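Have the model open as you read.

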Amino acid sequence: MLDDNDLPDQLGDLGDDEIEIEFVDVDEDPIVNEPEADIGSAAPGEKGVAISDEPGTEKIAKLQTELDHVRDVYLRKLAEFDNFRKRVDRERDDLRQAALEDFIRELLPVVDNFDRALLHAEADSGAFHQGVEMIAKQLHDTLERKGVSEIDPVGESFDPLVHEAVQRIEGGDHPPGTVVSVMLKGYTLGDRLIRPAMVAVAVEPVEPEDTGGTP
């Protein structure tokens with residue numbers, strides 16, 4: 001390592017030649033501020049430059065229109081399917097109801113025969129009568145669980161919608177238009193008439209015609 005005091009000696013060893021040192025000023029390159037890129041006027045697709053949103057807006061509007069159309073079609077189809085499902089359920093219920101009504105109509109004569117058998121065997125208190133009575137009760141209970149109800153309108157006013165008059169009874173203790181007796185019970189299934197009740201109805205007595213002769 002050389003000391004500053006040794007520099008003259010070292011320079012003396014170089015001889016008497018004059019050493020000329022020229023200092024050259026080196027100017028730094030000036031900082032050139034490049035103009036910022038015009039984003040709005042840049043060429044489409046150029047990296048780092050945004051593209052005008054006008055074409056994108058048109059595309060979004062078109063897609064929105066198509067989406068609204070698809071949504072409308074979907075809602076219409078959904079409503080049509082819901083109506084179809086309800087119609088199928090309603091038709092299936094109607095078919096089930098009609099089948100049940102037909103079965104009950106075919107079963108009612110059996111019920112009538114049980115009722116007649118019990119009516120004519122009231123004096124019999126044996127085991128056979130009790131067995132028939134128990135079977136008849138089970139049959140009536142089964143029909144009741146299925147929604148079947150009896151129409152037994154004795155003492156009520158005659159209703160042509162659920163009664164069928166098969167006999168007229170003049171006079172008596174019942175006012176005209178009153179059901180006096182039931183020949184055959186009627187039945188309903190829910191609010192539907194399965195069979196009208198066949199009844200005898202009280203009517204006003206017919207006045208004898210005046211022939212004009214003297215008694």
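A nonpolar core here means a set of buried Ala, Val, Leu, Ile, Met, Phe, Trp, Tyr and Cys residues joined through side-chain atoms within 4.5 Å. Buried, in turn, means under 20% relative accessible area, with exposed being over 50% and partly exposed in between (1.4 Å probe, protein chains only). This is a predicted model, where local features need pLDDT of at least 70 and side-chain atom pairs count only at pLDDT 80 or more, while totals for chains, interfaces and linings use all residues. Residues are numbered from 1 along each chain as its sequence is written, and side-chain values use heavy atoms, with hydrogens and water left out.

**The overall layout**

The chain has 3 helices and 6 strands, where helices (H or I, at least four residues) and strands (E, at least two) are DSSP runs numbered from the N terminus. Along the sequence the pattern reads α-α-α-β-β-β-β-β-β. Of the 215 residues, 16% are buried. Take the contacts (heavy atoms within 4.5 Å) with a separation of 6 or more: 62% of them are between residues 24 or more positions apart.

**The cores**

Which residues make up the largest nonpolar core? There are 10 of them in all: Ile104, Leu107, Leu108, Val111, Leu139, Leu143, Val148, Tyr187, Leu189 and Ile194. The elements giving two or more residues to this core are H2, helix H3 (127–145) and S4, and H2 gives the most, with 4 residues. Apart from this core lies another, of 5 residues, including Ile151, Val179, Ala197 and Val201. Nonpolar side chains tend to be buried together in soluble globular proteins.

**The strands**

Two strands count as paired if DSSP finds at least two bridges between them. The pairings look like this:

| Strands | Sense | Bridges |
|---|---|---|
| S1 (residues 148–151) and S4 | antiparallel | 4 bridges |
| S4 and S5 (residues 192–195) | antiparallel | 3 bridges |
| S2 and S6 | parallel | 7 bridges |
| S3 and S6 | antiparallel | 4 bridges |

Start with S4 (residues 186–189): Gly186 and Thr188 point one way, Tyr187 and Leu189 point the other way, and all are buried. Side chains alternate between the two faces of the sheet in a regular strand. Thr188 in S4 is the bridge partner of Ser149, while Leu189 stands opposite Arg192 in S5. S4 and S5 form a hairpin with 2 residues between them, and Gly190 in the turn has a positive phi of about 70 degrees.

Now for S6 (residues 197–203), which is mostly covered, with 6 of its 7 residues buried. Ala202 in S6 is the bridge partner of Ile169, and Val199 in S6 is the bridge partner of Val182.

Neighbours within four places in sequence aside, Thr178 is in contact with Gly155, Glu156, Ser157, Ala200, Val201 and Ala202.

**The pocket**

A probe the size of a water molecule, rolled over the atoms, shows where empty space is left. On a 1 Å grid over the protein atoms alone, a cavity is a set of points where a 1.4 Å probe fits but cannot get out, and a pocket is an open set with protein on both sides within 12 Å along at least five of seven lines; lining residues have an atom within 4 Å of a point. Grid points are joined across faces, edges and corners, and a volume is the space filled by probe spheres set on the points.

The largest pocket holds about 240 Å³ of space. Its lining consists of Asp112, Asp115, Arg116, Leu119, His120, Asp152, Val182, Met183, Leu184 and Lys185. Helix H2 (54–120) and strand S3 (179–184) are the elements that give two or more residues to this lining, and H2 gives the most, with 5 residues. By type, the lining residues divide into 4 nonpolar, 1 polar and 5 charged (Ala, Val, Leu, Ile, Met, Phe, Trp, Tyr, Cys and Pro count as nonpolar, Asp, Glu, Lys and Arg as charged, and the others, Gly among them, as polar).

Asp112, one of the lining residues, sits in helix H2. Asp112 counts as buried because its relative accessibility is 8%. Not counting residues up to four places away in sequence, Asp112 touches Leu184, Tyr187 and Arg195.
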